[in-house]
Amino acid sequence: MENDSILDCFQQRLLAWWKKNKRDFPWRRTKDAYAILIAEILLRKTTAGQVERVYEDFLRRYPNPQLLASADTTEICNLLSPLGMHNTRAQLLKKLGSVLESDFGGKVPSEKKDLIRLPGVGVYAANAVLSFSYSKDEPLLDTNVVRVIERVFGVKSKKRRPHTDEGLLDFVRTILPKGRSAKFNWAILDFGAVVCTARRPKCMACPMSSFCVYFRAHNPT
């Protein structure tokens with residue numbers, strides 16, 4: 001199969017799989033940039049299930065940067081205690097609210113150069129906001145996405161922390177369907193979490209098996 005055909009096939013099969021198997025989280029039901037940014041910060045080093053238990057309560061208490069900036073740190077800390085690292089998270093979120101209020105008029109910016117100036121916001125969180133809230137064609141690269149890309153396409157990172165590899169990020173950008181970045185990003189995240197898992201991947205049920213490098217290597221004919 002030609003490379004272009006493989007890329008097209010990957011996009012189509014991934015989105016078809018996701019249509020039937022998508023996971024549902026409250027931060028996926030909104031395009032509000034503030035709500036999405038808060039979710040991305042809470043999700044760091046924490047499971048989606050844990051975040052889901054505090055997320056909507058957090059937004060009810062602090063629905064905008066102004067209220068977050070003026071919040072009591074101890075109160076935030078208590079609310080986030082189920083997530084762990086709650087003191088660090090509380091201080092970071094309060095600082096985020098303050099910077100959004102003072103530097104951006106209480107609005108989450110829509111440009112990457114401004115987003116990565118925000119406390120606690122790196123390339124991943126910035127791209128997530130741009131994709132999910134502002135409908136911009138920006139890719140995501142986390143552990144799940146790295147694993148899918150390396151296995152399916154045989155593209156290997158030489159970095160100790162592959163999720164920071166600009167080369168891998170650029171590769172994901174080449175397979176990102178224009179105008180559908182949100183669906184694609186959610187799909188590849190879900191696919192890595194459900195099918196292409198770190199341990200015991202469900203290769204025999206994988207829609208990518210006909211061209212997956214990992215599958216061919218582990219299932220020689």
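Reply: D190 forms a salt bridge with R28, and their closest N and O atoms are 2.8 Å apart. Keep in mind that this is a predicted model.

Me: Where do D190 and R28 sit?
Reply: D190 is in helix α11, residues 181–194, and R28 is in the loop between α1 (3–21) and α2. The pair therefore ties together parts that are 162 residues apart in sequence.

Me: Are D190 and R28 buried or exposed?
Reply: Both D190 and R28 are buried.

Me: How many salt bridges does the structure hold?
Reply: Ten. Another one joins the side chains of R117 and D103, at 3.8 Å from N to O. R117 lies in the loop between α7 (112–115) and α8 (123–132), and D103 lies in helix α6, so this pair ties together parts 14 residues apart in sequence.

Me: What about exposure for R117 and D103?
Reply: R117 is exposed, with a relative accessible area of 51%. D103 counts as partly exposed at 45%.

Me: Which residues are linked with R117 in a network of salt bridges?
Reply: D103, K113 and D114 are linked with R117 in that network.

Me: And E111, what does its side chain meet in a salt bridge?
Reply: K136, at 3.5 Å from N to O. E111 is in the loop between α6 and α7, while K136 is in the loop between α8 and α9. They are 25 residues apart, so the pair links distant parts of the chain. E111 is partly exposed at 38% relative accessible area, and K136 is partly exposed at 30%.

Me: Switching to D165. Where is it?
Reply: D165 lies in the loop between α9 and α10, the latter spanning 166–174.

Me: What's the nearest side chain of opposite charge to D165?
Reply: K159, 5.3 Å away. D165 is buried, yet it has no salt bridge.

Me: Which backbone nitrogen does the D165 side chain reach, then?
Reply: That of G167, at 2.8 Å. D165 also touches L141, S157, K158 and K159, leaving aside residues up to four places away in sequence.

Me: Now α9. Mostly covered or mostly open?
Reply: Mostly covered. Helix α9 runs over residues 143–153, and ten of its eleven residues are buried. Among the buried ones are N144, R147, E150 and R151. V145, V146, V148, I149, V152 and F153 are buried too.

Me: What happens at the start of α9?
Reply: A side-chain oxygen of D142 comes to within 3.1 Å of the backbone nitrogen of N144.

Me: And just after α9?
Reply: G154 takes a positive phi there, about 70 degrees.

Me: What is the phi of K45 near?
Reply: K45 has a phi near 60 degrees, a positive value in a residue other than glycine. K45 sits in the loop between α2 and α3 (48–61). With a relative accessible area of 72%, K45 is exposed.

Me: How about M85?
Reply: M85 has a phi near 50 degrees, again positive in a residue other than glycine. M85 is in the loop between α5 (73–79) and α6 (86–104). M85 counts as partly exposed, at 46% relative accessibility.

Me: On to the core. In the largest nonpolar core, which residues touch the most other members?
Reply: F10, I38 and F58, out of 76 residues. Helix α2 (residues 33–42) gives the largest share of this core, with nine residues.

Me: What does F10 touch, not counting residues up to four places away in sequence?
Reply: V148, V152 and F153 are among its contacts, and V148, V152 and F153 are buried residues of α9. F10 also touches I175, F184, I188, M208 and F211.

Key: Residues are numbered from 1 along each chain as its sequence is written. This is a predicted model: local features need pLDDT of at least 70, side-chain atom pairs count only at pLDDT 80 or more; totals for chains, interfaces and linings use all residues. Side-chain values use heavy atoms; hydrogens and water are left out. Buried means under 20% relative accessible area, exposed over 50%, partly exposed in between (1.4 Å probe, protein chains only). Helices (H or I, at least four residues) and strands (E, at least two) are DSSP runs, numbered from the N terminus. A polar contact is a pair of N or O atoms within 3.5 Å; within protein, one must be able to donate a hydrogen and the other to accept it, and residues adjacent in sequence count only if both atoms are side-chain atoms. A nonpolar core is a set of buried Ala, Val, Leu, Ile, Met, Phe, Trp, Tyr and Cys residues joined through side-chain atoms within 4.5 Å. Contact means heavy atoms within 4.5 Å. Lys and Arg count as positive and Asp and Glu as negative; His and the chain ends are not counted. A salt bridge is a side-chain nitrogen of Lys or Arg within 4 Å of a carboxyl oxygen of Asp or Glu.
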